[in-house]
Amino acid sequence: MRFVRPILHKTRQTLTIYWVLVKITVPIAILTEVLSRLGVIKAVAPAFRPLMNLVGLPPELGLAWLTGMIVGIWGAVPLIFSLVPANSLSTADITVFSALILFAHGLPIEQKIIQHAGPGMLVTTVLRIAGGFIYALLLRHVLAATGWLSSPANPAWIPLAQTQAWSDYLLGLCETMAVMLVILLALSWGLELLKITGLMKLMMKILSPVLRLAGIRGEAGHLTAVGLFLGISYGAGLLIQEARSGAISPRQIFLSCVFMGFAHSVIEDTIVVLSLGADIYGVLIGRLVFAIAATALVASLLHRTPDQAFFARAFRRQASEA
């Protein structure tokens, strides 16, 4: 019973989340396919060309990136191979695009949670999008200079591919949603088992010294580790309570939220993009190194920022005094 009850509770939660994803993802995927067949995507793609060119990606993927930022990773996943054929992408392309959506996805919801913890929504949103783009840009230059990951993409799972008949497309969409449910359940069960067995707590303890390199200390480090492994909803949700109690300083809350914006839910999200053909070193190891370095840079700038400017531009004082 020790394992059964938490697993059943987690299953119910996951099914609720999945139904929300279905209601969002299916209409967007069908609308995107309609627009693609009408030639609208081809006409709109040039608007994304300048940004996509900088990171060496097809301009069509700009729409999937935008969808990911608004809806979330699961909103972008069904669009990738329906916008660009898998056989025209390299492992480097998938890795770079995955980096973009790993940094900035589901912004309306996640950033609202972060805002309630105190950090300004605008500044943390800009940091996430800019951080993701800078990392993708650096990653592309490294890959281009070394020729690493230049082989054709070899996804273990192709959510949706370009098809000719609507019947094939709708069947593929149903298969994608079914596989999505299996992956979500497997990930949620796995994370729950890690928490029940205490392995998650051990992983967070091991991570604390690493977070100190980014300027995150004390209880803020523990809560940041929660967000890193379980997601912003958990990490920033706990920070909201701490912000109201005054147990953690506003600057530490801000740094914690900045780090979580760069790297969060690393188990679930990483497995998803790995199944699409991304390289683990690019989407996990490199991302963590960048998150630590970038947050340390923000911490250094924050150290030089007077309280008046900090609370005026980056943090809502009332959140920590509520």
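Guide: Let us start with a term. A helix is a DSSP run of H or I covering at least four residues, and helices are numbered from the N terminus. Please bear in mind that this is a predicted model.

Visitor: Where does S265 lie in relation to α12 and α13?

Guide: S265 lies in the loop between α12, residues 250-262, and α13, residues 266-275. Its phi is near 50 degrees, which is a positive value in a residue other than glycine.

Visitor: Why is S265 called buried?

Guide: The cut-off for buried is a relative accessible area under 20%. S265 has 7%, so it is counted as buried.

Visitor: Where does L149 lie, and what is noted about its phi?

Guide: L149 lies in the loop between α7 (121-146) and α8 (166-197). Its phi is near 65 degrees, a positive value, and L149 is not a glycine.

Visitor: How do you know whether L149 is buried or exposed?

Guide: The relative accessible area of L149 is 12%, and the residue is therefore buried, given that the limit is under 20%.

Visitor: What makes Y234 partly exposed?

Guide: Buried requires under 20% and exposed requires over 50%, with partly exposed in between. Y234 has a relative accessible area of 35%, so it is partly exposed. Y234 belongs to helix α11, residues 232-245.

Visitor: Why does A236 count as buried?

Guide: A236 is also placed in helix α11. Its relative accessibility is 0%, which means that A236 counts as buried. Not counting residues up to four places away in sequence, A236 touches I113, I114, A117 and M260. A236 and Q115 are 121 residues apart in sequence, yet 9.0 Å apart from C-alpha to C-alpha.

Visitor: How do you know that S256 is buried?

Guide: S256 has a relative accessible area of 0%, so it is buried. This residue lies in helix α12. With neighbours within four places in sequence left aside, S256 is in contact with I216, A220, T224 and L239.

Visitor: Why is α13 called largely enclosed by the rest of the structure?

Guide: Of the 10 residues of α13, 7 are buried, and therefore the helix is largely enclosed by the rest of the structure. The buried residues are V266, E268, D269, T270, V272, V273 and S275. Their cover includes α4 (73-83), α5 (91-103), α8, α10 (219-230) and α14 (280-303). Just after α13, G277 takes a positive phi of about 110 degrees.

Visitor: Which residues have the most contacts inside the largest nonpolar core?

Guide: They are F97, L100 and F259, and the core itself has 101 residues. Leaving aside neighbours within four places in sequence, L100 is in contact with M52, V55, L57, W65, G132, F133 and A136.

Visitor: How many helices and strands are there in the protein chain?

Guide: The protein chain has 16 helices and 0 strands. Along its principal axes, the C-alpha trace spans about 60 × 50 × 35 Å.

Visitor: How do you know whether the radius of gyration agrees with that of a compact globule?

Guide: A compact globule of 322 residues would have a radius of gyration near 20 Å; the protein chain has 20 Å, so the value agrees. Moreover, buried residues make up 53% of the 322 residues.

Visitor: What share of the contacts join residues at least 24 apart?

Guide: Among contacts between residues at least 6 apart in sequence, 80% join residues at least 24 apart. As for the surface, the protein chain exposes about 14,800 Å², of which carbon and sulfur atoms supply 68%.

Technical notes: Residues are numbered from 1 along each chain as its sequence is written. This is a predicted model: local features need pLDDT of at least 70, side-chain atom pairs count only at pLDDT 80 or more; totals for chains, interfaces and linings use all residues. Side-chain values use heavy atoms; hydrogens and water are left out. Helices (H or I, at least four residues) and strands (E, at least two) are DSSP runs, numbered from the N terminus. Buried means under 20% relative accessible area, exposed over 50%, partly exposed in between (1.4 Å probe, protein chains only). Contact means heavy atoms within 4.5 Å. A nonpolar core is a set of buried Ala, Val, Leu, Ile, Met, Phe, Trp, Tyr and Cys residues joined through side-chain atoms within 4.5 Å. The radius of gyration is taken over C-alpha atoms; the globule rule is 2.2 Å times the number of residues to the power 0.38. Accessible areas come from the Shrake-Rupley method with a 1.4 Å probe; for residues, only the protein chains shown count as cover.
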